[in-house]
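Hello,

Here is the structure I promised to pass on to you. Please open it beside this email and follow along as you read.

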Amino acid sequence: IVQKKKVLKSEAKDTKKNGVAKKKEAKEVKEEERRASVQSITAEEAEEAESKVPEIKAPDVPKIDVIREKSPAGDRKGSLAPGSGQSSRRGSLIPPPEDTKGRRPSLIISDEGKARPGETVTEKIKQRRRPSTDMRRPSVQELEGLIDKPCTPLRDIGDPGPPAIVDVQESYSAVEDQTGYITVQVEGNPAPTFKFYKGMTEIIDGGRFKFLTEGDTNSITLCIRKVKPNDEGKYKIVVSNCHGEDSAEMQLYVSDSSGMDFRAMLKKRKYAKWGKDKEDPDWGDLKETEKPVPALKKVEKKQDSFLKPLVDQHAKEGKDKKVVFECIFSKPNSKPKWFLRKDELFPGSKYKFKNENDVYTLIISTPKVEDTGKYTIEIAGISCTAFLNVDEADPSYSFIRPLNKKTEGFTRHETYMECTVSSSLAIVSWWKGKIKLTESEKVSIEKDMSGNCRLT
């Protein structure tokens, strides 16, 4: 029993030792497992920490894509296609074509011969007019004999089409009692016909009005004899042919013989009335005193004068070739001034001056009705006057279109004969053999304002 107890005790101690060893082994296994788990955790955390560190990368270069879209019109290049035209903006990303050498091509649009939007064909025709500064205006001496020149027909100019007024002034001027001229230049194919209007009234050729056409310059002139203040106003010309017409308006101003127009005269009178209202201020009881002036010696000087004054002259247009005014002045070889009314005269084809010692002469060539008036000579502030009266020339008429050499008719039927005279003022009489025809039930005699005469 004692041995058994000793054996059991030893076995219990062995089991105890084995249990302690097992526990120790289990403890060591747990410790190793814990260490292994800790190492695995630290490794994972290190990996996570490394993954969380941001990477620094270089920025990507921006890429620009050029998109080429097709235009609705297949034959037109796109605005971004090279060679279709250079952009006008600076910094364009499309390089210029090599053949342009860096220069952008200019845009030239030719609309010659075409009317622009909103522009009518009539406006295009009016653009053919040259400004008034392009043409040299005739001088007063060139216009003097214009009314006596013969008419020449207008020429066909340009392609067939409507006429155009290519040169016209906005305003014209004339002097009272002299001849006024309104001249325009036209073009057209065929050559146009024309009409003049003053306001709404048509002007008829005849009397104080005369129409003059010049084929060399293709110009039309309205001549007005003995211009009156009532002739001032707006005038209009209308030219037309089978293709169309054109018109232009102009203003005519009339001034008196001194060169002052009537509007300025009215203003001058108005200002003169204002000046009458001004009076000298009230000076009170002040007295005017004069400083003593030493007496001057009087030197008597003989005053110059006309020893022989001008004499009134009388002439007839078309008959007398010249008129001579002559006077004698006390001072020889002076410089005289000649005046017609208040206009100074200058030597030329119309007027000639002569000065021989103390004799002063004015010669007027081919006197006309327009030369009628008061003539004055002025020398050293001393003047002398005389009058010239020029009678109108005897009227001269001619047949522009004579009667036909032979006129046929039927018995008991109406028959007429026609002719045209140069002026409607001509007195026309019809004769059958030596018998003068008069108005009756069988015979009718007519004449219109154009000079057309008809016997029916």
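The second largest pocket of this predicted model holds about 530 Å³ of space. Its lining is made up of 19 residues, and those closest to the pocket centre are Thr 415, Met 417, Val 443, Leu 455 and Thr 456. What classes of residue make up the lining of this pocket? Nine are nonpolar, six are polar and four are charged.

Next, have a look at the sheets. One of them is an open sheet of four antiparallel strands, and its order is β1-β3-β7-β6. At its edges you will find β1 (161–167) and β6 (209–214), each of which pairs on one side only. From one strand to the next, the twist averages 25 degrees. If you follow β6 to its partner, you reach strand β7 (residues 219–224), and six bridges join the two in the antiparallel sense. As an example to find on screen, Phe 209 has Ile 224 in β7 as its bridge partner.

A second open sheet also has four strands with antiparallel pairing, this time in the order β10-β12-β16-β15. Why is one side of β10 and of β15 left without a neighbour in the sheet? Both β10 (306–308) and β15 (351–356) stand at the edges and have a single partner strand each, so one side of each has no neighbour there. Neighbouring strands of this sheet are turned by 30 degrees against each other on average, ignoring direction. Strand β12 (residues 322–329) pairs with strand β16 (residues 359–365) over seven bridges, again in the antiparallel sense. Within that pairing, Val 323 has Ile 364 of β16 as its bridge partner.

Is Asp 246 buried or exposed? Asp 246 sits in strand β9 (residues 244–255), and it counts as buried because its relative accessibility is 5%, where the cut-off for buried is under 20%. A polar atom of the Asp 246 side chain lies 3.0 Å from the backbone nitrogen of Ile 165.

The other residue is Ser 10, which belongs to helix α1 (residues 2–52). A polar atom of the Ser 10 side chain lies 2.6 Å from the backbone oxygen of Val 7.

Enjoy exploring, and do write back with your questions.

Best wishes

Definitions and conventions
Residues are numbered from 1 along each chain as its sequence is written. This is a predicted model: local features need pLDDT of at least 70, side-chain atom pairs count only at pLDDT 80 or more; totals for chains, interfaces and linings use all residues. Side-chain values use heavy atoms; hydrogens and water are left out. Two strands pair if DSSP finds at least two bridges between them. Axes are lines fitted to C-alpha atoms, for helices over the stretch in contact, and angles run from 0 to 180 degrees between N-to-C directions. A polar contact is a pair of N or O atoms within 3.5 Å; within protein, one must be able to donate a hydrogen and the other to accept it, and residues adjacent in sequence count only if both atoms are side-chain atoms. On a 1 Å grid over the protein atoms alone, a cavity is a set of points where a 1.4 Å probe fits but cannot get out, and a pocket is an open set with protein on both sides within 12 Å along at least five of seven lines; lining residues have an atom within 4 Å of a point. Grid points are joined across faces, edges and corners, and a volume is the space filled by probe spheres set on the points. Ala, Val, Leu, Ile, Met, Phe, Trp, Tyr, Cys and Pro count as nonpolar, Asp, Glu, Lys and Arg as charged, and the others, Gly among them, as polar. Buried means under 20% relative accessible area, exposed over 50%, partly exposed in between (1.4 Å probe, protein chains only).
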